[in-house]
Amino acid sequence: MNYQIEKLSAYYQNEHNENNRLNCDRTNNLEEITTMRYLNSLIPAGASVLDACAAYGVYAFPLAENGYKVTAGDIVPHHVEALEEKQKENPVLQEIYCGNICNLSRFTNNSFDAVLNLGAYYHTIDKSIRDKAITECKNVVKPGGLVFISYLPRHANFIKYCDTWKDETKDFDLYLKRGYMEDESLFYTVTPEEIENELNDFGFEIVKNIATDGLKYVFRRQLNELPEDLYQKFLKHHFDMCEQRTLIGYSEHALIIGRKI
């Protein structure tokens, strides 16, 4: 577990800048816009929210600015440092902490109206760890409260990397069966049906299952080149379509929302 945390921290510190991922262009921003749309529409005004994988606070700070009582934490130390720096300039968060979503014992059970698991689920190939994270989220959310889990649809990410299909070193049959290629992978993929069944097994009522950015790997260039009026028209179409069952499995990123019964 410690090795996995170190590997994840190194990835986000040295290989990938999460601070810029969601706003570097329109296609990446689509995931953020869609996620925020559902957070704001489904979480009651003024509610208490735990963002347990807050990263740089791309959701935590806007939610707090919108009147939610937000506590933000992350397992990656330099993400937490960035949160603390942002908090100095814009002190809207209730609390910031460095910690693992698999251990939320710092909080009393049934203490949040909503819990965000936006990253942890797809960053571990170990089912017992994914299950532990869901269990902890369920423990601290209030009865009737919502848990938001982001995930990577398996078939979308198979198609996204079609340029590598001829690579004989890659076992795509294995990937499609278990959801990851390498035994030390930092990314796990799942089908919409599988994750719905998982949440049902935990006793959640499925509220929504959403294609947060659709087939952006197909239309990245075209979307980024649209004039603003046509881009706004596209957004309307996207919001109209993003809950369609036929699209979710081919979305690069997705969001499932469960209600604690």
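1. Ala 55 sits in the loop between β1 (48-51) and α4 (60-65); helices here are DSSP runs of H or I with at least four residues, strands are runs of E with at least two, and both are numbered from the N terminus. Its phi is positive, about 50°, although Ala 55 is not a glycine. Ala 55 is also buried, with a relative accessible area of 12%. Buried stands for under 20% relative accessible area, exposed for over 50%, and partly exposed for what lies in between (1.4 Å probe, protein chains only).

2. A word on the basis of these notes. This is a predicted model, in which local features need pLDDT of at least 70 and side-chain atom pairs count only at pLDDT 80 or more, while totals for chains, interfaces and linings use all residues. Residues are numbered from 1 along each chain as its sequence is written, and side-chain values use heavy atoms, with hydrogens and water left out.

3. Asn 110 is not a glycine either, yet its phi is positive, near 60°. Asn 110 is partly exposed, at a relative accessible area of 37%. As background, most residues other than glycine have a negative phi.

4. Leu 50 stands opposite Thr 71 in β2. Strand β2 (residues 69-74) is mostly covered, with 5 of its 6 residues buried. β2 is joined in turn to β3 by 4 bridges, again in a parallel run, and Ala 72 has Ile 96 of β3 as its bridge partner.

5. The connections also deserve a look. β1, α4 and β2 form a right-handed β-α-β unit; right-handed means that, with the strands pointing away from the viewer, the path from the first strand over the helix to the second runs clockwise. β2, helix α5 (residues 77-89) and β3 form a right-handed unit as well.

6. What does β5 pair with? β4 and β5 are parallel over 5 bridges, and Val 115 has Val 147 of β5 as its bridge partner. The chain passes from β4 through α6 to β5 in a right-handed β-α-β crossover. Of the 13 residues of β5, 10 are buried.

7. On to the cores. A nonpolar core is a set of buried Ala, Val, Leu, Ile, Met, Phe, Trp, Tyr and Cys residues joined through side-chain atoms within 4.5 Å. The largest has 33 residues, and those touching the most other members are Leu 50, Ile 101, Val 115, Tyr 121, Ile 149, Tyr 151 and Ile 195. Two or more residues come from each of β4 (112-117), α6 (127-140), β5 (141-153), α9 (192-201), β7 (204-211), α12 (245-248) and β8 (254-260). The largest share, 5 residues, is that of α6. Apart from this core lies another, of 28 residues, among them Met 36, Ala 47, Leu 63 and Val 70.

8. Setting aside neighbours within four places in sequence, Ile 149 is in contact (heavy atoms within 4.5 Å) with several residues, including Tyr 121, Ile 134, Ile 195 and Leu 199. Thr 35 belongs to helix α3 and is buried, at 4% relative accessible area. With the same exclusion of neighbours within four places, Thr 35 is in contact with Tyr 59, Leu 118, Thr 212 and Leu 255.

9. Finally, helix α11 (residues 228-241). At 1.5 Å a residue its 14 residues should span 20 Å, and its end C-alpha atoms are 20 Å apart, in agreement; the expected span is 1.5 Å times one less than the number of residues. Buried in α11 are Tyr 231, Phe 234, Leu 235, His 238 and Phe 239. They cover an arc of only 135° around the axis, so they lie on the same side of α11; the arc is taken from the directions from the helix axis to the C-beta atoms. These buried residues pack against α3 (26-42), β7 and α10 (216-225). The face turned away from them carries exposed Asp 229, Lys 233 and Lys 236.

Conventions. Pairing = 2+ DSSP bridges.
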